[in-house]
Amino acid sequence: MTNPTPESLLQPFRERLEALDQQLAELVAARLAICCEVAAVKRANGIPMMQPNRVAAVREAYAARGERLDLSPDFMRSLATLLIDEACRLEDEIIDAPAAAGAEALR
């Protein structure tokens with residue numbers, strides 16, 4: 001009888017992680033799609049892209065979720081920052097796009 005290899009021992013964990021990574025990617029895509037909708041509303045109503053109070057609130061909400069889930073609040077703030085930075089990039093593209101391109105950016 002042969003001993004299991006590190007690869008065979010780790011494979012079930014890697015498969016579970018891969019499934020979670022797929023779900024995370026889908027959730028991030030869904031979140032960013034909503035951010036594009038927000039950008040369209042901001043554009044249509046002359047609302048500035050940057051909302052500093054909202055940015056701070058989202059970061060702190062992530063930190064609080066982290067604490068409740070026994071995750072590092074600093075890590076969760078960093079994760080929020082990555083998501084916010086990408087949302088801002090997308091919003092900038094949509095808000096600053098020429099009129100005809102604004103609708104295209106939402107697709």
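Start on the surface by selecting Leu9, Leu10 and Phe13, which together form a nonpolar patch with about 290 Å² of accessible area. A patch here joins residues that have over 30% relative accessible area and no salt bridge, with nonpolar side chains (Val, Leu, Ile, Met, Phe, Trp, Tyr) joined within 5 Å and like charges within 9 Å. The areas come from the Shrake-Rupley method with a 1.4 Å probe, and for residues only the protein chains shown count as cover. This is a predicted model, in which local features need pLDDT of at least 70 and side-chain atom pairs count only at pLDDT 80 or more, while totals for chains, interfaces and linings use all residues. Residues are numbered from 1 along each chain as its sequence is written, and side-chain values use heavy atoms, with hydrogens and water left out.

Stay with Phe13, which lies in helix α1, residues 6-45; helices are DSSP runs (H or I, at least four residues), numbered from the N terminus. Phe13 counts as partly exposed because its relative accessibility is 48%, where buried means under 20% relative accessible area, exposed means over 50%, and partly exposed lies in between (1.4 Å probe, protein chains only).

Next, select Glu7 and Arg14, whose side chains meet in a salt bridge at 2.9 Å, N to O. A salt bridge is a side-chain nitrogen of Lys or Arg within 4 Å of a carboxyl oxygen of Asp or Glu, and the structure holds 6 of them. Glu7 is partly exposed at 45% relative accessibility, and Arg14 is partly exposed at 38%.

Leaving aside neighbours within four places in sequence, Met76 is in contact (heavy atoms within 4.5 Å) with Tyr62, Ala63, Gly66 and Leu71.

Select Lys42 and Glu91 next, a salt bridge whose closest N and O atoms are 2.7 Å apart. Lys42 lies in helix α1 and Glu91 in helix α3, so the pair ties together parts that are 49 residues apart in sequence. Are these two residues buried or exposed? Both Lys42 and Glu91 are buried, Glu91 with a relative accessibility of 7%.

Then find Arg77 and Glu60, a salt bridge with its closest N and O atoms 3.0 Å apart. Arg77 lies in helix α3 and Glu60 in helix α2, so this pair ties together parts that are 17 residues apart in sequence.

Finish with the cysteines, where the structure holds 0 disulfides (pairs of cysteine sulfur atoms within 2.5 Å). The sulfur of Cys35 is 7.1 Å from the closest cysteine sulfur, in Cys36, which is too far for a bond. Cys88 is likewise in no disulfide, and the nearest cysteine sulfur, that of Cys35, is 8.4 Å away.

Note on methods. Helix = DSSP H or I, 4+ residues; strand = E, 2+ residues; numbered from the N terminus.
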